[in-house]
Amino acid sequence: FEECDLDLAWAEGDAIAVFTSTTNEKWAYNTEANGFKKADNAAAAKPLDYTYGVYPYGSSVAVNTSGEVKNISIADEQDYVAGSFDAAKNLMVAIAEKDSKELTFQNVCGFVTVKVIGNTDVKSIKLQGASKEKLAGGVTVTFADNAPVATFGSMASDAIVLNLAEAVTLQETEEAAQTFTFMVAPATFANGCTVIVTDSEDRMFRTNFEGEITVARNEVKELGVASAVVKASNEVIFDAKFNTEGTATDEGKFAMTIETITDNNGKTPNMRVYTHPQFADNNIAQFSFMAHNEARFHSYFAVDYSENADFKAALADGFTWEIVTSYNVPCWDWWQCPGSSEAFRFYRKCDASNNDWLFNLNSDGAWWPFNAGAAVYATQTFAEAMKYQHSVYVYDANTMSVKTYTNGVADGEALDLAEFKVGNRFAIGGYAEDGFLGMAYNGDVAIFKLYNEPMSAEAVAARYGELSLPEARLP
């Protein structure tokens with residue numbers, strides 16, 4: 001292991017399987033003899049053309065008369081060893097001339113290293129290819145030019161987890177960072193790979209390494225640096241405050257411009273803003289839309305964040321969207337949308353007789369909720385007219401999942417998302433794309449707020465409790 005500056009030595013009790021015939025013979029290392037001694041009385045069976053060795057020893061390991069090494073595996077659960085790797089599970093094989101007493105073992109795997117920095121600790125690290133390449137599991141080993149070649153069976157794993165017996169505190173600089181090493185089947189990550197760090201509080205931190213990455217047998221591939229940084233708790237990155245003159249102000253971290261879009265004649269907005277004693281820190285925006293496909297534009301608030309790279313990065317890292325709404329007497333429209341981006345939204349489905357609500361993600365940005373490219377997920381929740389409803393949408397970038405909550409209770413989720421688009425604009429009071437407002441809302445929006453991290457279920461329930469929503473909207 002010259003490439004990673006490691007010298008490995010056999011230790012007392014190390015055992016190998018030796019095959020001069022199809023019989024599995026156990027040989028154990030003896031320190032005094034500085035070599036291996038036979039540790040069983042297994043009798044020879046069908047002779048082989050070569051002598052084979054396998055480490056680590058397993059009683060079920062076999063070599064057939066074709067020279068195939070069977071019943072062996074690359075571990076998908078490995079143990080962290082500081083400054084090294086899990087040598088006890090490192091699959092090695094040897095081939096030598098028949099009746100040879102000297103075996104030169106060769107690694108079946110390649111090795112992947114990653115440095116991890118952060119302000120927390122680490123108890124496990126997961127490695128997985130973006131295209132779910134086979135990395136571990138049962139293999140059959142053959143030899144080509146005396147070098148081992150591994151072929152997976154049907155039960156291969158596309159991920160390897162490195163476990164730590166005790167959590168290790170991470171350092172915050174690359175120079176001081178710890179290095180973690182995986183033993184991996186030779187593979188090419190066609191579209192890169194992902195490293196997921198889990199700390200002792202079960203928080204997960206995802207780092208993607210992009211581009212084609214090749215892991216060759218008996219070589220070390222350095223991925224680079226992964227990060228596990230706990231962000232400032234619940235920092236507000238967007239907070240719409242509604243003003244009685246029909247405007248709105250963002251009091252979140254980025255203080256983005258909120259534009260009031262009026263009807264096509266530039267008249268008074270088709271909305272009103274009023275005060276409510278229950279929401280002392282915010283006025284209520286009330287939108288009025290009473291007919292389907294009415295031949296005019298409708299008023300709403302718009303936020304263009306297409307050029308705000310920092311805000312988009314904050315969304316991409318994971319966020320919580322909180323919205324408190326109350327809809328008025330039902331209008332005749334198929335959809336109503338109190339708030340949205342062009343990538344994800346919250347809306348009511350069907351017609352005036354159906355009060356179910358949904359969150360959804362449009363994977364292709366299409367406005368129609370059930371297009372082929374639109375992934376509708378999360379929930380259907382009953383919302384009673386003239387009642388305030390607390391709805392929360394949580395995107396966790398580390399687990400690539402979305403969870404939704406209504407009035408403090410979890411009611412939907414979408415797991416293992418292939419991607420998540422953060423969009424370029426918000427609309428409050430409908431769904432806006434290219435200046436056109438669809439799904440115009442008929443009701444109140446009391447809170448429209450985003451936080452910089454995914455809230456836990458406990459935090460969402462606590463937030464709902466502290467709001468103490470009123471029983472009914474004021475007329």
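**Aromatic pairs**

Mentor: A search of the whole structure finds 29 aromatic pairs. Rings of Phe, Tyr and Trp (its six-membered ring) pair if their centres lie within 6.5 Å; planes under 30 degrees apart count as stacked, over 60 as edge-to-face and the rest as tilted. Please note that this is a predicted model, in which local features need pLDDT of at least 70 and side-chain atom pairs count only at pLDDT 80 or more, while totals for chains, interfaces and linings use all residues. Residues are numbered from 1 along each chain as its sequence is written, and side-chain values use heavy atoms, with hydrogens and water left out.

Trainee: Why is the pair of Tyr52 and Phe143 classed as it is?

Mentor: The ring centres of Tyr52 and Phe143 are 5.9 Å apart and the planes stand at 40 degrees, so this pair is tilted. Tyr52 belongs to strand S4 (residues 47-55) and Phe143 to strand S12 (residues 137-144), so the pair links distant parts of the chain, 91 residues apart. Helices (H or I, at least four residues) and strands (E, at least two) are DSSP runs, numbered from the N terminus.

Trainee: Are Tyr52 and Phe143 buried or exposed?

Mentor: Buried means under 20% relative accessible area, exposed over 50%, and partly exposed in between (1.4 Å probe, protein chains only). Tyr52 and Phe143 are both buried.

Trainee: What kind of pair do Phe311 and Phe426 form?

Mentor: Phe311 and Phe426 are edge-to-face, 6.1 Å centre to centre with 80 degrees between the planes. Since Phe311 lies in helix H1 and Phe426 in strand S35, the pair ties together parts that are 115 residues apart in sequence. Both residues are buried. Ring pairs also join a cluster that includes Phe311, Phe426, Trp321 and Tyr395.

**Helix H1**

Trainee: Which residues of helix H1 are buried?

Mentor: In H1 (residues 309-316), these are Phe311, Ala314 and Leu315. Viewed down the axis of H1, the buried residues fall within an arc of 100 degrees (taken from the directions from the helix axis to the C-beta atoms), so they line one face of the helix. The face turned away from the buried side carries the exposed residues Ala309 and Asp310. The buried residues pack against several strands, among them S21 (236-242) and S35 (425-428).

Trainee: Which backbone features deserve attention?

Mentor: Most residues other than glycine have a negative phi, and most peptide bonds are trans. The peptide bond from Tyr55 to Pro56 is cis, with omega near 0 degrees; Pro56 is in the loop between S4 and strand S5 (62-63). Ala255, a residue other than glycine, has a positive phi near 45 degrees. Ala255 is exposed, with a relative accessible area of 53%. Ser468, also not a glycine, has a positive phi of about 50 degrees. Ser468 follows helix H2 (457-467) and is partly exposed, with a relative accessible area of 46%.

Notes:
Contact means heavy atoms within 4.5 Å.
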